[in-house]
Amino acid sequence: RLHESVRGEWSFIQTLRHLVFATECWVHRATLGEMAPPLSLPWDSMPPTEGVPWDRDARPTLAEVLEMRADRMGAVRRVVEGLTEEQLASTGPELTGPGWPPAGESFPVRESLHTVLNEEWCHHRFALRDLAVLTAR
C-alpha cells in the first residue's frame, strides 16, 4: 500500500520522495549550494530540467526512502540549529550547474526555509488523508 495511489495523487513513498526533493532544492541547493541524488521526486508538471531526477515510477523500498529522508532532515536540523538572525536574513549562494532552482539565481535563506516548511505541512496533510483512505479499504 505504500506505493498505492489514492485518486491519482502520489503514493506515500512518492510523497516522501517529493519532500526529499523539496529539501534538496531549498536547503541543500539554494542554501548550501549542493546537488540532489537520483530518487527524489519533483512536482509532476515540472519541465525536464538537467540535473533533476524525474522517475515517478521508481519503486524504492520504505527503508531506502526513510534513509534519504532522515539524511535530508538532519541537514535541515543542522542548518536551523546553527542559524543566526544575520544568516536567516541573508541570501544563499548564487547557484551554479544544472538543477533546480536554476543556475544564476540566489534566494533569501528565510524564503528557502519557509518553502520547505510549507511543503512539509501540506504534504503531511495529504499523506494523512490518503493513508486514512488506504487503511479503510
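Reader: How much space lies in the largest pocket?
Author: About 190 Å³. Bear in mind that this is a predicted model.

Reader: Which residues are closest to its centre?
Author: Glu9, Trp10, Thr15, Phe126 and Asp130 are the closest to the centre, out of 16 residues that line the largest pocket.

Reader: And which elements give two or more residues to the lining?
Author: H1 and H4 do. H4 gives the most, with 6 residues.

Reader: What is the lining like by class?
Author: The lining of the largest pocket has 7 nonpolar, 4 polar and 5 charged residues.

Reader: Back to Asp130. What does it form a salt bridge with?
Author: Arg129, with the closest N and O atoms 2.8 Å apart.

Reader: Changing topic. How many salt bridges does the structure hold?
Author: The structure holds 5 salt bridges. One of them joins the side chains of Glu24 and Arg72, at 3.1 Å from N to O. That pair links distant parts of the chain, with Glu24 in helix H1 (residues 12–29) and Arg72 in helix H2 (residues 62–81), 48 residues apart.

Reader: Why do Glu24 and Arg72 count as buried?
Author: Glu24 counts as buried because its relative accessibility is 2%. Arg72 is at 10%, so it also counts as buried.

Reader: Which residues are linked with them in a network?
Author: Asp71. Glu24, Asp71 and Arg72 are linked in a network of salt bridges.

Reader: What about Arg69, which residue does its side chain meet in a salt bridge?
Author: The side chain of Arg69 meets that of Glu120, at 2.7 Å from N to O. This pair links distant parts of the chain too: Arg69 is in helix H2 and Glu120 in helix H4 (residues 109–136), 51 residues apart.

Reader: Buried or exposed, those two?
Author: Arg69 is buried, with a relative accessible area of 12%. Glu120 counts as partly exposed, because its relative accessibility is 23% and buried means under 20%.

Reader: Why can side chains pair like this at all?
Author: Side chains of opposite charge can pair when their charged atoms come close.

Notes
Residues are numbered from 1 along each chain as its sequence is written. This is a predicted model: local features need pLDDT of at least 70, side-chain atom pairs count only at pLDDT 80 or more; totals for chains, interfaces and linings use all residues. Side-chain values use heavy atoms; hydrogens and water are left out. A salt bridge is a side-chain nitrogen of Lys or Arg within 4 Å of a carboxyl oxygen of Asp or Glu. Helices (H or I, at least four residues) and strands (E, at least two) are DSSP runs, numbered from the N terminus. Buried means under 20% relative accessible area, exposed over 50%, partly exposed in between (1.4 Å probe, protein chains only). On a 1 Å grid over the protein atoms alone, a cavity is a set of points where a 1.4 Å probe fits but cannot get out, and a pocket is an open set with protein on both sides within 12 Å along at least five of seven lines; lining residues have an atom within 4 Å of a point. Grid points are joined across faces, edges and corners, and a volume is the space filled by probe spheres set on the points. Ala, Val, Leu, Ile, Met, Phe, Trp, Tyr, Cys and Pro count as nonpolar, Asp, Glu, Lys and Arg as charged, and the others, Gly among them, as polar.
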